[in-house]
Amino acid sequence: SNIWMKGNIINMRIISGKARGTKLYTLDGTATRPTLDRVKESLFNIIQNDIEDSTVLDLFSGSGAIGLEFLSRGAKRAVLCDSSKDAIKIIKQNVQKTHFEEKVEVYNMEFTKLVERLQNQKFDIIYIDPPYATDFIKISLEKIIEYELVNENTKIIVETDDETRILNQIEKMDVEITDKRKYGRATIIFLKYRKTQIPRKG
């Protein structure tokens with residue numbers, strides 16, 4: 001199915017908004033797995049009304065397509081992070097292509113380090129789409145809560161191919177699920193921060 005993926009990757013573009021139709025550079029290989037366009041389209045339809053003037057954190061940016069789509073649709077600031085130097089090169093090319101230099105901060109570092117560095121900066125939307133076979137969703141959620149990047153209004157969006165495992169991991173965390181959508185392999189889970197009042201046993 002790699003051939004199919006390649007064909008899919010080549011056509012990545014901004015779907016809507018100011019930079020609509022802009023073709024994006026993408027990374028070859030499966031280390032970064034682009035969010036498929038139909039998933040992306042659906043995701044943005046669901047949260048369209050929350051994007052205007054929002055601040056966005058995209059912790060595993062890959063080519064930058066998701067963060068740039070937010071800006072195209074009216075977000076005022078996007079922080080894009082990826083630990084891969086190759087990904088960062090592509091992100092920077094895509095930032096130039098979409099002309100959002102003024103609104104983007106790009107960080108080439110481990111996501112945990114960036115979250116620590118951003119301590120106490122609140123984000124309206126946090127997008128977490130890490131490599132699938134990792135515990136990065138769980139760790140990301142723990143860190144953004146610990147370093148106070150969220151408040152009760154922050155929309156947290158995670159993408160996973162292992163819904164059951166992720167749901168088990170977040171069950172005891174200070175988040176609640178507000179929505180959940182499945183698209184083939186991928187499940188997108190919408191969460192929000194919820195301070196637990198009752199101390200949990202064990």
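Analyst: Let's start with H99, which is exposed, at 63% relative accessible area (exposed means over 50%, buried under 20%, partly exposed in between, with a 1.4 Å probe and protein chains only). Bear in mind that this is a predicted model, where local features need pLDDT of at least 70, side-chain atom pairs count only at pLDDT 80 or more, and totals for chains, interfaces and linings use all residues. Residues are numbered from 1 along each chain as its sequence is written, and side-chain values use heavy atoms, with hydrogens and water left out.

H99 sits in the loop between α4 (85-98) and β3 (104-107); helices (H or I, at least four residues) and strands (E, at least two) are DSSP runs, numbered from the N terminus. Its C-alpha is 8.2 Å from that of A19, although 80 residues separate H99 and A19 in sequence.

Now the rings. There are 4 aromatic pairs in the structure; Phe, Tyr and Trp rings (for Trp, the six-membered one) pair if their centres lie within 6.5 Å, with planes under 30 degrees apart called stacked, over 60 edge-to-face and the rest tilted. One of the pairs is F60 with F111, tilted, at 4.8 Å centre to centre and 50° between the planes. This pair links distant parts of the chain, 51 residues apart: F60 is in the loop between β1 (55-58) and α3 (65-72), and F111 is in helix α5 (residues 111-117). F60 and F111 are both buried.

F60 also pairs with F136, this time stacked, at 5.8 Å and 5°. F60 has a relative accessible area of 16%, so it counts as buried, while F136 is partly exposed at 27%. Together, F60, F111 and F136 make one aromatic cluster.

Take I144: leaving out residues up to four places away in sequence, it touches L59, V115, I126, I128, L149, V150 and I156, contact meaning heavy atoms within 4.5 Å.
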